[in-house]
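Hello,

Here is the structure I said I would pass on. My notes on it follow below.

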Amino acid sequence: MADANIRIPAEARDRLAEVAAAEGMSLRAYLARLAASVLTPAERAEQAERARRLLQEWNGYDPTPEEEARLDSELDRRLAEASR
């Protein structure tokens, strides 16, 4: 695997290095693990669609776009409330 240089603020680098060290990892290993664990927007959309299909097959759950928007809004409200 080829190495790459990534320019980020020193504060961000130092924080990531501190987090990595606390987990007993090098910054390089920590960033590689992070990159492998984070989904792209396309991967998240694919995962959400797969979950929607499974729920529909399992119990008939198939919300309309309006219901999804209402539920998303409610979830956002609850998360905001919980983070206060």
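**Salt bridges, pockets and a surface patch**

Glu74 and Arg78 both sit in helix H4, four residues apart, which is about one turn of the helix. Their side chains meet in a salt bridge, at 2.7 Å from N to O. Glu74 is partly exposed, with a relative accessible area of 27%, while Arg78 is exposed at 53%. Please keep in mind throughout that this is a predicted model.

**Other salt bridges**

The structure holds 10 salt bridges, and the pair of Glu74 and Arg78 is one of the salt bridges described here.

Helix H4 also carries Arg77 and Glu81, which are four residues apart and so separated by about one helical turn. The side chains of Arg77 and Glu81 form a salt bridge at 3.1 Å, N to O. Arg77 counts as partly exposed, at 41% relative accessibility. Glu81 is partly exposed too, with a relative accessible area of 46%.

Arg33 and Glu23 form a salt bridge in which the closest N and O atoms are 2.5 Å apart. This pair links distant parts of the chain: Arg33 belongs to helix H2, Glu23 to the loop between H1 and H2, and 10 residues separate them. Arg33 has a relative accessible area of 41% and is partly exposed. For Glu23 the relative accessible area is 41%, so Glu23 is partly exposed.

There is also a network: Glu49, Arg52, Arg53 and Asp62 are linked by salt bridges. Glu49 and Arg52 come up again below, in the lining of the second largest pocket.

**Largest pocket**

What is the volume of the largest pocket? The value is about 580 Å³. The pocket is lined by 15 residues, and those closest to its centre are Ala4, Ile6, Leu27, Arg28 and Leu31. Two or more lining residues come from each of helix H1 (10-22) and helix H2 (27-37). H2 gives the largest share of this lining, six residues. Sorted by class, the lining of the largest pocket has 11 nonpolar, one polar and three charged residues.

**Second largest pocket**

The second largest pocket has a volume of about 200 Å³. Its lining is made up of Ala48, Glu49, Ala51, Arg52, Leu55, Tyr61, Pro63, Glu68, Leu71 and Asp72. Helix H3 (41-59) and H4 each supply at least two of the lining residues, and the largest share, five residues, comes from H3. By class, the lining of the second largest pocket divides into six nonpolar, no polar and four charged residues.

**Nonpolar surface patch**

Which residues form a nonpolar patch on the surface? They are Leu55, Trp58, Tyr61 and Leu71, with about 430 Å² of accessible area together. Leu55, Tyr61 and Leu71 are also among the residues that line the second largest pocket. Leu71 is placed in helix H4 (residues 65-82).

**Two distances between C-alpha atoms**

Arg15 lies in helix H1 and is exposed, at 59% relative accessibility. Arg15 and Leu27 are 12 residues apart in sequence, and their C-alpha atoms are 10.0 Å apart in space. Leu27 has already been named among the residues closest to the centre of the largest pocket.

Regards

Note on methods
Residues are numbered from 1 along each chain as its sequence is written. This is a predicted model: local features need pLDDT of at least 70, side-chain atom pairs count only at pLDDT 80 or more; totals for chains, interfaces and linings use all residues. Side-chain values use heavy atoms; hydrogens and water are left out. Patches are made of residues with over 30% relative accessible area and no salt bridge: like charges are joined within 9 Å, nonpolar side chains (Val, Leu, Ile, Met, Phe, Trp, Tyr) within 5 Å. Accessible areas come from the Shrake-Rupley method with a 1.4 Å probe; for residues, only the protein chains shown count as cover. A salt bridge is a side-chain nitrogen of Lys or Arg within 4 Å of a carboxyl oxygen of Asp or Glu. On a 1 Å grid over the protein atoms alone, a cavity is a set of points where a 1.4 Å probe fits but cannot get out, and a pocket is an open set with protein on both sides within 12 Å along at least five of seven lines; lining residues have an atom within 4 Å of a point. Grid points are joined across faces, edges and corners, and a volume is the space filled by probe spheres set on the points. Ala, Val, Leu, Ile, Met, Phe, Trp, Tyr, Cys and Pro count as nonpolar, Asp, Glu, Lys and Arg as charged, and the others, Gly among them, as polar. Buried means under 20% relative accessible area, exposed over 50%, partly exposed in between (1.4 Å probe, protein chains only).
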